[in-house]
Amino acid sequence: MIKGAGEISTSGPLQPTVYDYGAGEISTSGPLQPAGLVYETATIDCLNFLCHHGNNTSTIKVIFKDVPAGFACPKDLSVDLMSTINYPSIAVLNLARNQIRTINRTLTNVAGDGAATYSLTIEAPNESGADEGEKDGVYIVYMGAATANGSSKNEHAQLLSSVLKRRKNALVHSYEHGISGFTARLSAAEAQSIAKNPGVVSVFPDPVYHLHTTRSWDFLKYGTDVKIDLSPNSDSNLSSRGYDVIIGILDTGIWPESKSFSDKDMDPIPSSWKGTCVEARDFNSSNCNRKIIGARSYNGPGDDDDGLVNTPRDMNGHGTHVASTAAGIMVPGASYHGLASGTAKGGSLGSRIAVYRICTPNGCAGSSILAAFSDAIKDGVDILSLSLGSPASRISDFKEDPIAIGAFHAVENGITVVCSAGNDGPSEKTVSNGAPWILTVAATTIDRRFESNVVFDKNKVIKGEAINFANIGKSPVHPLIYAKSAKKAGADARDARNCNPDSMDGKKIKGKIVICDNDEDINSYYKMNEVRNLEGIGAVLVSDKTNGDASDFDEFPMTVIRSKDAVEIFAYLNSTKNPVATILPTTVVSQYKPAPAIAYFSSRGPSSISRNILKAKPPDIAAPGSNILAAWTASDGEVTDEGREIPKFKIMSGTSMSCPHVSGMAAVLKSHYPSWSPSAIKSAIMTTASQINNMKAPITTELGAIATAYDYGAGEMSTNRALQPGLVYETTAIDYLYFLCYHGYNISTIKVISKDVPAGFACPKESEVNMISNINYPSIAVFNLTGKHSRNITRTLTNVAGDGTTTYSLTIEAPIGLTVTVRPTSLQFTKNGQRLSYHIIFTPTVSSLQKDMFGSITWRTKKFNVRTPFVASSR
């Protein structure tokens, strides 16, 4: 609303921003005299926008009629480069601390001839922890590491006391275990004042994160189940040692009645466990057992006002699915309505589960995430698994990211933190949870497909991929129509052929199978609902992006075919007056090849926050995340409105599903090597990964291109080789402190953040981001490599293969245009725990690297292969 002639406001207490009103309220007179200047967004701008958005030149030439001759998408494509199109507003996202981004704009004079000089006014926010642009609301006050006593504990108590004196209901959460700080309802002035306190690292609005499934909360009821093949071939992880490993699941809660969480024959709860099993209206302490040994729940700041019950019980299904993937017991006869039948099992069958319900239908509040991290540190978990994060467009600096903050302090306390990389692929720089102390997981497909084929003409068959249980007959007798041919009068043809809402004539759709395009990557369920609402009897979606990820259309006959296969069916449509078809119900194809492949939705690297850590496409490792079968929220005998039994197992896709695969493997490693640090566990998983599919060929992306480290990090996780890595990279506390230095933090801030700063530690005088390449990480990224100047990198390996002399030889895979020299060329270890360093020199042989280059360094024996991927770039 507009307050008289004053500022625009919202209906609530917060002042609006460009996220609310764009450039502002429209003026009826201003556009007639537009300040004398206009921004001309030319055709070429629109074309480049499509390029940066992930469309290729061939697709763009189909979309646009005005593509200039010789036009091609730029070589350097990134969603960040959308900022450079000549638009009347500017959005610069993924801007890291101390990073500079240059944006150009061009103005056209429309004021007529004659000289005119324009002066410049800039309104910019300040640099305090809480910007002046921030408004009243809920803020997280982060005060670094918690200490048992000392100044940080006193400052925490004093600040909290001062807040509560002014407003009794201000406090949302207080963090005292591992993490120091609190979340409170504050005015903008209070937030700015608190941010100036020397014991405060940052003050920022409480963010809301989201689950990393390919289906939103609204669509989870349609959920797809993905087969899980996580466990090692042996059952060695069922040893008594495995029973002492505790996996903390930060998610939507748990359905304790699922058979996956039975504690039959399990040993007593380990003495290291210090947590609790909270009670709620629908959750009793008896719901915990020797498998689910703890459960807590956290409502977000607004959840109580919305009447949401604060309970560990999973009313969504996501948390149950994730928990059973990581540590569910073996359940024979599991299936999703008869599909993917077999034995369901988690990655670490003997591990215990601690549940931290942080997500509600309103999302996953950052304040709840930090509270769960703080409690988990106190409770004594060994592994933390988070299948959630921020969208790629809103990734924050580490000190304003609750997951990065919580993970840092968890790792400080010896806890391995595993996170999903996000579902914003296949565009570059979309990976979330990219902090180097997090083990970040990409998603791949598995060797099982759900086929729902299209039969047309005289029983010709095109293979489709989907889950549907409809039965409209095997013979092609149903009228077939291309959605574009059913365009409603006045509708846009592009909208119609994509089956977008309100674009098709219901009279032409009724009783027909409809072919829909997917140019705009609109959720397929919207297309399904549109066709169904117009009384179409089925739909065929043409899309290359969802290959390997079967959408679940339940009782509606719908499937997805590839564009190359669609050519034949379009030719048939154009050759007959009365085209007919049918869609067959789903069947399962096992041992599908090639597999694995990168899932189309999986977020890609490099990290937009810190490129000099090879947090690739997704960052560290890849694991199965497409069409995974795991436990669901259902009780015995429960049925749907249609009378079908609600499945106790369900198929889902997303990096949400790949994350617990790695969490389970991390627990297996922890059970075998209890003294290993989180970085040793991470290294073992990364350096033993595979880059080869089941056809003995390189793993590819969803469109068939050879995958790189930006797609899968070190590669596909191996559940066998990780148990015997031979050597590991120990990323020490000092490495992480130097990382913070190189990232731009000063020594005063670092001493507040970390409890492990040694006496006399200081940041190097010439700290800069390129030095991040030297922290002892299991992968290497060298950016800003220009001219023929060399870059020297050092790595240190620790022997974990036992005593005795072992000599490792060197293999280097380097691309043309880059010379990689390693000294020494062999490493000889004589005892367990011994550390040896080697040095790498990267030297371009050309003046400028035209693209990012990928390769690897591998140390080999007859028994071990310790592979380290690298990327080099002039960017």
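Select strand 8 (residues 246-251) and strand 15 (residues 383-386): the two pair in the parallel sense over four bridges. Pairing here requires at least two DSSP bridges between the strands. Strands are DSSP runs of E with at least two residues, helices are runs of H or I with at least four, and both are numbered from the N terminus. Gly248 stands opposite Leu384 in strand 15.

This is a predicted model, in which local features need pLDDT of at least 70 and side-chain atom pairs count only at pLDDT 80 or more, while totals for chains, interfaces and linings use all residues. Residues are numbered from 1 along each chain as its sequence is written, and side-chain values use heavy atoms, with hydrogens and water left out.

**Stay on strand 8**

Six bridges join strand 12 to strand 8, and the two run parallel. Look for Asp251, which stands opposite Arg357 in strand 12.

Now colour strand 8 by burial. Buried means under 20% relative accessible area, exposed means over 50%, and partly exposed lies in between (1.4 Å probe, protein chains only). Six of the six residues of strand 8 are buried, so the strand is largely enclosed by the rest of the structure. One face carries Ile246, Gly248 and Leu250, the other Ile247, Ile249 and Asp251, and both faces are covered.

**Asp375**

Go to helix 7 (residues 366-379) and pick Asp375. Asp375 is buried, at 15% relative accessible area. Which residues does Asp375 contact, leaving aside neighbours within four places in sequence? Show His177, Arg296, Tyr298 and Tyr356. Contact means heavy atoms within 4.5 Å.

Next, select the open sheet with the strand order 21-20-28-23-24-25-27. Its seven strands show mixed pairing. Strand 21 (460-462) and strand 27 (558-561) stand at the edges; each has a single partner strand, so one side of each is left without a neighbour in the sheet. Neighbouring strands of this sheet are turned by 35 degrees against each other on average, direction ignored.

Zoom in on strand 23 (residues 478-482) and strand 28 (residues 580-583). They pair in the antiparallel sense over two bridges. Pro479 stands opposite Val580 in strand 28.

Now bring in two helices:

- Helix 11 (residues 524-533) lies across strand 24 (513-517), strand 25 (538-542) and strand 27, running at about 145 degrees to strand 25.
- Helix 12 (residues 563-575) lies across strand 20 (454-456), strand 21, strand 23, strand 24, strand 25, strand 27 and strand 28, running at about 110 degrees to strand 23.

Axes are lines fitted to C-alpha atoms, for helices over the stretch in contact, and angles run from 0 to 180 degrees between N-to-C directions.

**A helix pair**

Select helix 6 (residues 318-327) and helix 13 (residues 655-672). Their axes are 7 Å apart, at an angle of about 35 degrees. Which residues of helix 6 meet helix 13? They are His318, His321, Val322, Thr325 and Ala326. On the helix 13 side, show Ser656, Met657, Pro660, His661 and Gly664. The contact residues divide into four nonpolar, six polar and no charged. Ala, Val, Leu, Ile, Met, Phe, Trp, Tyr, Cys and Pro count as nonpolar, Asp, Glu, Lys and Arg as charged, and the others, Gly among them, as polar.

Move on to helix 14 (residues 678-687). Is helix 14 mostly covered or mostly uncovered? Helix 14 is mostly covered, with ten of its ten residues buried. Lys682 is one of the buried residues of helix 14.

Select the loop between strand 29 (587-590) and strand 30 (621-624), where Pro594 lies. The peptide bond from Lys593 to Pro594 is cis, with omega near 0 degrees. Pro596 is in the loop between strand 29 and strand 30. The peptide bond from Ala595 to Pro596 is cis, with omega near 0 degrees.

Then check two non-glycine residues with positive phi:

- His337 has phi of about 50 degrees. His337 sits in the loop between strand 10 (331-336) and strand 11 (339-344). His337 is partly exposed, at 29% relative accessible area.
- Asp457 has phi of about 50 degrees. Asp457 sits in the loop between strand 20 and strand 21. At 25% relative accessibility, Asp457 is partly exposed.

**Zoom out**

Show the whole chain. The protein chain has 17 helices and 41 strands. Of its 875 residues, 54% count as buried.
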